[in-house]
Amino acid sequence: MGNSYSTHTGSGWWGKLPLVMCFRRRPQIVEVKLLKNLPFKLKFYITIIDIIGLLILFKSIDVFKIPNLGDFLFFLILAVLAESFKVDLPYGGGVTVGFAVVFASILLFGASAGAWIAAVGILLKDLHNFSSTPLYKRLFNAGMFAIMAGASGSVYKLLGGMPGHIELGQNLLPIAASILVYAFINITLLTVVMSIASGNRPVSIWVSNLKWATPHYLALGPLGILLGLSYTNFGYQGVVLLLIPILAARHSFKLYMEMRKVYLETIQALASAIEAKDPYTKGHSERVAQYAVKISREMGLPEDRVEIIQYAALLHDIGKIGISDRILNKPGSLSDIEFETIKSHPAIGSQIIRGVRFLEKASELVKHHHEKRNGTGYPDGLKQDQIPLGAEILSVADIFDALTSDRPYRKAWSIKEAVNQLKKEAKAQLNPNVVNALIRVLEKEGVV
Ligand SMILES: [Fe+2]
């Protein structure tokens, strides 16, 4: 998921708009650079958020007249830096500690300053690479952040919180409420934009946003309080001292995320090495992985499961490495013994990757990617719900890509023909929910 609508984690809607440029077999995703090229509904929504955000900022303009303007500007710059120091997540977006800075600003200076600091922080992030995010996305994020911080700061004050006086004992309720309001508005506004852009159901997007956002805000809220307290007690030096362990933690997290990226790249390299010999299967695993990920997300599976399914999809035929090329590439029909040998590839593949700790769960899916719901599949002849859902997703993605690709013995089928075939097979062999999810994905991409 490329980049740019934002939360402080950046894990919100960073997705590119699925504009299908030309679809023969695979959709090409491009990012829309200009607001005027967006669909009307999305344009309307973004404009409304921008206007509300602007009104809040306009109403808060007095903040530039406050006596401690220097302190305010210090936090404003800190917010820009915090939003710019992002750690990329493997599936797009990234994590920043921007919320801690904004929340500290709300506690120290109130709603108006918080709104300005939040909005400017996200608007001016990555100044060195300003064009990397389209301007309308920056403005949308700024509008949304002004709303979030303005509302959160108002709730804090309404419930008795005094900006500038952080008393944990007395202010627990206003502090908790303002964090919740901030998170709730963020999740909700993002859900709407993601739902309009992707066409997916808002409820499932809201739930998945809630899942990543809750731990994020709960973790960074206390950091914001600490930042505020350090500032009140020790001034600028207090903030700088606190930033040292945060930067160290960021570094470790960054290394961890890079390691996960390396995992994926290693698996991709392995998959393409297996396929390099055969021009007909070249790119097959990568495409199966793309379809499998889309189907899984369409079915609302959590990201950690999607990741396992992606790994399994890339490696689903790795067991073919243990089967002789003479059988694999045989042009005519196979003898019973040869077919039995081919049928051993899921078990061999699962055995190969089982020893790798982060692929343990994927190995189960690899093992069962040729099972059929009526029990006629292999290796174990599993039936119905005995087959892991991830394996059924692999199976549908695998068959769909095989049908829509050229083979030595036939030309590629059209998408329509392939979908009709899957519908037929869904009656006895494939999971109909998975087939329907694939059809919905293809419909959204405008190819059926
Ligand atoms: Fe296979």
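Hi everyone, let's start at Phe-40: with 63% relative accessibility, this residue counts as exposed, where exposed means over 50% relative accessible area, buried under 20%, and partly exposed in between, using a 1.4 Å probe and protein chains only. Before going on, please keep in mind that this is a predicted model, in which local features need pLDDT of at least 70, side-chain atom pairs count only at pLDDT 80 or more, and totals for chains, interfaces and linings use all residues. Residues are numbered from 1 along each chain as its sequence is written, and side-chain values use heavy atoms, with hydrogens and water left out.

Back to Phe-40, which is found in helix H1, residues 40-59. Helices here are DSSP runs of H or I with at least four residues, strands are runs of E with at least two, and both are numbered from the N terminus. Together with Phe-44, Ile-48 and Ile-52, Phe-40 forms a nonpolar patch on the surface, with about 410 Å² of accessible area together. Such patches take residues with over 30% relative accessible area and no salt bridge, joining like charges within 9 Å and nonpolar side chains (Val, Leu, Ile, Met, Phe, Trp, Tyr) within 5 Å. Areas come from the Shrake-Rupley method with a 1.4 Å probe, and for residues only the protein chains shown count as cover.

Now the whole chain. It has 16 helices and two strands, and buried residues make up 48% of its 448 residues.

Next, the metal. Which residues hold the iron ion as protein donors? They are Asp-317 (OD), His-345 (NE2), His-369 (NE2) and His-370 (NE2), lying 2.1 to 2.3 Å from the ion. Donors are N, O and S atoms within 2.8 Å of the metal (3.2 Å for Na, K and Ca); water is not among the atoms, so sites may look incomplete. The angles among the four donor atoms run from 83 to 173 degrees, and the site is irregular. For comparison, four donors are tetrahedral if all angles lie between 85 and 135 degrees; four are square planar and six octahedral if opposite donors are over 155 degrees apart and all others between 65 and 115; anything else is irregular.

Asp-317 sits in the loop between helix H9 (303-314) and helix H10 (325-328), and His-369 in the loop between helix H13 (360-367) and helix H14 (389-403), so this pair ties together parts that are 52 residues apart in sequence. Both Asp-317 and His-369 are buried.

Asp-317 also forms a salt bridge with Lys-320, the closest N and O atoms being 3.3 Å apart. By salt bridge I mean a side-chain nitrogen of Lys or Arg within 4 Å of a carboxyl oxygen of Asp or Glu. Lys-320 is partly exposed, with a relative accessible area of 27%.

How many salt bridges does a search of the whole structure find? The search gives 12. One of them joins the side chains of Arg-287 and Asp-401, at 2.6 Å from N to O. This pair links distant parts of the chain, Arg-287 in helix H8 (residues 284-298) and Asp-401 in helix H14, 114 residues apart. Arg-287 counts as buried at 8% relative accessibility, and Asp-401 is buried too, at 1%.

One last stop: Ser-178 in helix H6, residues 168-198. Ser-178 is buried, with a relative accessible area of 0%. Leaving aside neighbours within four places in sequence, Ser-178 is in contact (heavy atoms within 4.5 Å) with Phe-103, Ser-152, Val-155 and Tyr-156.
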